[in-house]
Amino acid sequence: MDSIFHEKQEGSLCAQHCLNNLLQGEYFTPVDLSSIAHQLDEEERMRMAEGGMASEEYRTFLQQPSGNMDDSGFFSIQVISNALRVWGLELILFNSREYQSLMINPINEKAFICNYKEHWFTIRKLGQQWFNLNSLLTGPELISDTYLALFLAQLQQEVITEVSGFHSAHVRCF
């Protein structure tokens, strides 16, 4: 296997780093993700307007900041999901019925995108080995098959005690 692409943390652009580490190259910029976020914001605004532009809900919605991005460079899971669709990839949330019905064994998969304490990162299988490609690390961190399931379970368990929560999604090809 050639070298492993590992984009390190810059500002609060963890979603960009997460996607680029997943895809193993510099495929997304902050401008790309901002464009997707603005498109999602516009779609949400149009849906809210269907209920009446004079409604209290619509006026309240317009006063709220975007739920898809913020000024620090944080992007929502919807932005990440839409960015991956360009590549024929789909996110399946860990806690969704679809994920549970698939009875996924993490070791047999290719990648996971995780969010812990407002930080997006990728766990990815490259060749026959798993790597933690968290942009906060100095480089890729090898994860054994045994540790992978434990690592993901530990992240899920911490949602019970953490206010900010944990989101994880399995990445699947269409």
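Residues are numbered from 1 along each chain as its sequence is written, and side-chain values use heavy atoms, with hydrogens and water left out. Because the model is predicted, local features need pLDDT of at least 70 and side-chain atom pairs count only at pLDDT 80 or more, while totals for chains, interfaces and linings use all residues.

Helices (H or I, at least four residues) and strands (E, at least two) are DSSP runs, numbered from the N terminus, and two strands pair if DSSP finds at least two bridges between them. Strand β3 (residues 120–126) and strand β4 (residues 129–132) run antiparallel and are joined by four bridges. Within this pairing, arginine 124 has phenylalanine 131 of β4 as its bridge partner. The hairpin of β3 and β4 has two residues between the strands, and glycine 127 there adopts a positive phi near 65 degrees. On to the next strand: β4 also runs antiparallel to β5 (residues 141–143), with three bridges between them. Here phenylalanine 131 is partnered by leucine 142 in β5.

An unreviewed UniProt entry places the feature "active site" at Cys14, His119 and Asn134. These positions span 121 residues in sequence, yet no two of their C-alpha atoms are more than 9.1 Å apart, so they gather at one spot. UniProt positions follow the numbering used here, feature names are shortened, and annotations may be inferred rather than shown by experiment.

Histidine 119 sits in the loop between β2 (111–116) and β3, and asparagine 134 in the loop between β4 and β5. Histidine 119 is buried (under 20% relative accessible area, with exposed over 50% and partly exposed in between, for a 1.4 Å probe and protein chains only), its value being 10%. Asparagine 134 is likewise buried, at 11%. Contacts (heavy atoms within 4.5 Å) of histidine 119, not counting residues up to four places away in sequence, include Cys14 and Asn134. With neighbours within four places left aside, asparagine 134 touches His6, His119, Phe121 and Thr122. The side chain of asparagine 134 also reaches the backbone nitrogen of leucine 136 at 2.9 Å.

Helix α4 (residues 77–85) contains serine 81, which is buried with a relative accessible area of 15%. The buried residues of α4 are Val79, Ile80, Ser81, Ala83 and Leu84, and they pack against α1 (14–23), α2 (30–49), β1 (89–93), β2 and β3.

Finally, the aromatic rings. Rings of Phe, Tyr and Trp (its six-membered ring) pair if their centres lie within 6.5 Å; planes under 30 degrees apart count as stacked, over 60 as edge-to-face and the rest as tilted. The structure holds five such pairs. Phenylalanine 74 and tryptophan 120 have ring centres 6.2 Å apart and planes at 20 degrees, so this pair is stacked. Phenylalanine 74 belongs to the loop between α3 (56–63) and α4, and tryptophan 120 to strand β3, so the pair ties together parts 46 residues apart in sequence. Tryptophan 120 is buried at 3% relative accessibility. Phenylalanine 121 and phenylalanine 151 form an edge-to-face pair, 6.5 Å centre to centre with 75 degrees between the planes. This pair links distant parts of the chain, with phenylalanine 121 in strand β3 and phenylalanine 151 in helix α6 (residues 145–157), 30 residues apart. Phe121, Tyr147 and Phe151 form one aromatic cluster.

Terms used
A polar contact is a pair of N or O atoms within 3.5 Å; within protein, one must be able to donate a hydrogen and the other to accept it, and residues adjacent in sequence count only if both atoms are side-chain atoms.
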